[in-house]
Amino acid sequence: LQKGIDNQNANPPFLLISRETVQFNAQSQYALDVTQFQKLLAACPTHGDTPERQCAICVKNLQTAVSLYNGDFLAHFFISDSPVFEQWVLPIRERLHQQALQALQWLANYHENRGEYVQALTYAQHETRLEPWREEPYQQQMRLLARQGNRSAALVCYETCRRTLENELGVAPTAETT
């Protein structure tokens, strides 16, 4: 572990290690993507802008935040037979996931309202990758594609939505989506 994170050359060290424990040293010089993600998001809504009318600083913060979100928190890290770990990690994982979805939705709406359809489409597609069973991002993608004059791509998007909802949930799209 020490070699993997170069703990021996860090001053102060990242880990405080004894024969019985391993502890993260919060006094070390570290950068943590989760902490940065949360700071960027927390800095945005404090001045009262609606998501669709974010200031340039907030848009930049949101863009940086979503670029830091690379999937579920500790997604591939498990401790066998540790319900305490699961009780700790699951709410954090869900909260971060929801925050990422909200930031993506804000960015997609912001760019759509500005007529920046390519950028809006990128964020709406990212939403769909995170939660493919949610219809709203598909609706937005279809609307954006249609506004760009790409009706065939909008129909392909609808078909993807329909198939995903059928396979994942056993339901058809709502009338609004159709």
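Where is the place of T164?

1. T164 and helix α6. The model discussed here is predicted. T164 sits in helix α6, which spans residues 151-169. The residue is buried, at a relative accessible area of 16%. Beyond its neighbours within four places in sequence, T164 makes contact with P132, W133, Y138 and L169.

2. Other salt bridges. How many salt bridges does a search of the whole structure find? The search gives 7. Side chains of opposite charge can pair when their charged atoms come close. One of the pairs is R114 with E116, where the closest N and O atoms are 3.2 Å apart; E116 is partly exposed, at 21% relative accessibility. Another pair is E131 with R134, with a closest N to O distance of 3.8 Å. In that pair E131 counts as buried, at 10% relative accessibility, and R134 is buried as well, with a relative accessible area of 18%. A network of salt bridges links E112, R143 and R147.

3. Helix α1. Which residues of helix α1 are buried? In this helix, residues 33-43, they are V34, F37, L40 and L41. They lie on the same side of α1, because the arc they cover around the axis is only 130°. The buried residues of α1 pack against α2 and α3. On the face turned away from that buried side, α1 carries the exposed residues K39 and A42.

4. N25 is placed in the loop between β2, residues 22-24, and α1. Is N25 buried or exposed? N25 is buried, at a relative accessible area of 8%. Residues up to four places away in sequence aside, N25 touches P12, P13, F14, L15, L16 and Y30. For one of these contacts, P13, the separation from N25 is 12 residues in sequence and 6.9 Å in space, taken from C-alpha to C-alpha.

5. Cysteines. A disulfide is a covalent bond between the sulfur atoms of two cysteines. The structure has 0 disulfides. C55 takes part in none, and its nearest cysteine sulfur belongs to C58, 3.5 Å away. C58 is in no disulfide either, its nearest cysteine sulfur being that of C55, at 3.5 Å. A pair counts as a disulfide when the two sulfur atoms are within 2.5 Å. As for accessibility, C55 is partly exposed, at 26%, whereas C58 is buried, with a relative accessible area of 2%.

6. The nonpolar surface patch. Which residues form a nonpolar patch on the surface? They are L74, F77, I79 and W88, and together they have about 370 Å² of accessible area. L74 is located in the loop between α2 (56-68) and α3 (83-113). With a relative accessible area of 32%, L74 is partly exposed. The cut-off for patch residues is over 30% relative accessible area, so L74, at 32%, is above that value.

7. H126 in α4. Helix α4 runs over residues 117-130 and contains H126. H126 is buried, with a relative accessible area of 18%. Which residues does H126 contact, leaving aside its neighbours within four places in sequence? The contacts are V66 and L104.

Note on methods
Residues are numbered from 1 along each chain as its sequence is written. This is a predicted model: local features need pLDDT of at least 70, side-chain atom pairs count only at pLDDT 80 or more; totals for chains, interfaces and linings use all residues. Side-chain values use heavy atoms; hydrogens and water are left out. Patches are made of residues with over 30% relative accessible area and no salt bridge: like charges are joined within 9 Å, nonpolar side chains (Val, Leu, Ile, Met, Phe, Trp, Tyr) within 5 Å. Accessible areas come from the Shrake-Rupley method with a 1.4 Å probe; for residues, only the protein chains shown count as cover. A salt bridge is a side-chain nitrogen of Lys or Arg within 4 Å of a carboxyl oxygen of Asp or Glu. Helices (H or I, at least four residues) and strands (E, at least two) are DSSP runs, numbered from the N terminus. Buried means under 20% relative accessible area, exposed over 50%, partly exposed in between (1.4 Å probe, protein chains only). Contact means heavy atoms within 4.5 Å. The arc is that of the directions from the helix axis to the C-beta atoms.
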